[in-house]
Amino acid sequence: MTADLVISDGTVVTPERLLEADLAVDDGVIAAVGDAETMPDAEEVVDASGQLVMPGVVDPHVHIDGYLSNDTYETGTSAAALGGVTSCVNFAWEAWIGDLSVWEEEGTLLEAVERQKRKGEESLIDFGLHGVITREDPAVFDELEAVIREGVTSIKMFTAYEIGLSNGFMDRVFEEIAEHDIVAVLHTEDASVCNHLTERLKTEGANHPSEYPRARPDYTEAMAAEDAVRMAQEAGAKYYGIHTTCKKAADVLDDFQADGSEVRGETCTHYATLDESAYDEQGTLAIQAPPLRTPADRDAMFEHLHDGALSVVSTDHVAFERADKEVEHWWDSSFGVNSLQTTLPVFHDEAVNDRGFSYPFLVRVMSTNPARTFGLPGKGTLEPGTDADIVLFDPDEEYTISAADNASIADYSIYEGRDVTGQVKKTFVRGELIADDGEIVGDPGHGEFIHRDRPDWEPNRQ
Ligand SMILES: [Zn+2]
């Protein structure tokens, strides 16, 4: 046999360990991992000496094209490719009418899935979709079977904004989710408390961006999480808490996992690597919801990633431009930050270099766990037979992050000027090189829609 590619002399990182090994790729999948003598001949050999050979990052929380993002699939997934992200899960929003809507009329969830699949034809990396229920219309329940058949096996709900669902309706959704054995994905902030606090800050004229965290404090996130997790548990639904920011909310997930309930959660790169002082330094550019928290909350994110209460690190990538962000009052700013291109180098630098976490930990929280949590077949590992989604990463290269390098339409970075050690050198998706030393070399359209299975959740606390 002659393989398409052998990656030689690198250090292979699995979810469990590091090994000095070569890796062969054939026909888009990993054909072998082992000693050089055991490798087949190959059309091409890439020398990875001094580099880590890791599974590509699987980011289960991105906003690309469609809603809440100026990025097209081409720009958003180019940023991903340069950052070592080889698959992502984006959102298919049930169209609604309202101040925050971009639609003229209401639409169904199935239409949203079809719309996003079409947009994704320009993707460089593989992508899946979460469905988002934005309205309290029980007609959506009749669509779930068809949505699942389309490969969409998770449903997102909000507790805040005009698309926030009442507890009563959410309770019904959890029952449906349990019945279909799919995953509930929750954005939790108590809307009425956040609205009340925001109005009070406006009245006080507290318009400096450093006031923003007071509008959406940690306890509002924890309160709403507690309600939602409790309903999910009563219904027997798989529950995934997105963008967990603080100790109080992570402790809720931790408490509900104690009895083996199917409760999981993520934090985002920025909640683990920045704190609320960023609003002093960067103003509204750093605004997202929920807000950045305290240094103690950052530490809590790592404690709970370590003990398993949190098991995934995502980006919540949202591409706005300075013009959208830099407005007079923080409450008029567009919420969301971009980080697909920087998530791996920034989180690596913080977790491995600064806090002493291992490379297998990095691979688990950024690749293996998100793939298993959301039923992405063949992603998140380097096991033979799985997709050859591979990152070559130089752990010793030092560089300074600058938005001048952004492939995203977003023209700023919340990590601007940050010195990091560790850089993405090459990114392969299904065996094809799509990013090489800071340049995009793949073609838009190489990415494929990932038809996701119903995930099988093993207990995540052993
Ligand atoms: Zn998001």
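**Close-up views of a predicted model**

**View 1. Pro 345 and its contacts from elsewhere in the chain.** Setting aside neighbours within four places in sequence, Pro 345 is in contact with Val 420, Gly 422, Gln 423 and Val 424. The model is predicted. Pro 345 lies in helix α12, which covers residues 343-354. Pro 345 counts as buried because 23 C-beta neighbours fall inside 10 Å, and the cut-off for burial is 20 or more. Gly 50 is 295 residues from Pro 345 in sequence. In space, the C-alpha atoms of Pro 345 and Gly 50 are 16 Å apart.

**View 2. The crossing of helices α12 and α13.** Helix α13 spans residues 359-373. The axes of α12 and α13 come within 10 Å and cross at roughly 135°. The two helices are therefore oblique to each other. Their crossing is right-handed. From α12, the contact takes in Leu 344, Phe 347, His 348, Ala 351 and Val 352. From α13, Tyr 359, Phe 361, Leu 362 and Met 366 take part. By class, the contact of α12 with α13 has eight nonpolar residues, one polar and no charged.

**View 3. The packing of helices α6 and α7.** Helix α6 runs over residues 218-235, and helix α7 over residues 247-257. They pack at an angle of about 20°, with axes 8 Å apart. That angle makes α6 roughly parallel to α7, since angles under 35 degrees count as roughly parallel. The crossing of α6 and α7 is right-handed. On the α6 side, the contact is made by Asp 218, Tyr 219, Glu 221, Ala 222, Ala 225, Glu 226, Val 229 and Gln 233. On the α7 side, the residues are Lys 248, Ala 249, Val 252, Leu 253 and Phe 256. The contact of α6 with α7 divides into eight nonpolar residues, one polar and four charged. In an α-helix, residues three or four places apart point the same way, because there are 3.6 residues a turn.

**View 4. Helix α5 and the glycine just after it.** Helix α5 has 14 residues, 191-204. From first C-alpha to last, α5 reaches 20 Å, close to the 20 Å expected at 1.5 Å a residue. Just after α5, Gly 205 takes a positive phi of about 70°.

**View 5. Asp 280 in helix α9.** Helix α9 covers residues 277-282 and includes Asp 280. Asp 280 is exposed, because 11 other C-beta atoms lie within 10 Å, and 12 or fewer counts as exposed. Pro 209 is 71 residues from Asp 280 along the chain. The C-alpha atoms of Asp 280 and Pro 209 are separated by 6.8 Å.

Key. Residues are numbered from 1 along each chain as its sequence is written. This is a predicted model: local features need pLDDT of at least 70, side-chain atom pairs count only at pLDDT 80 or more; totals for chains, interfaces and linings use all residues. Axes are lines fitted to C-alpha atoms, for helices over the stretch in contact, and angles run from 0 to 180 degrees between N-to-C directions. Helices (H or I, at least four residues) and strands (E, at least two) are DSSP runs, numbered from the N terminus. Angles under 35 degrees count as roughly parallel, over 145 as roughly antiparallel, 65 to 115 as roughly perpendicular and the rest as oblique. A crossing is left-handed if the near helix is turned anticlockwise from the far one by less than a right angle, and right-handed if clockwise. Two residues are in contact if their C-beta atoms, placed from the backbone, lie within 7 Å. Ala, Val, Leu, Ile, Met, Phe, Trp, Tyr, Cys and Pro count as nonpolar, Asp, Glu, Lys and Arg as charged, and the others, Gly among them, as polar. The expected span of a helix is 1.5 Å times one less than its number of residues.
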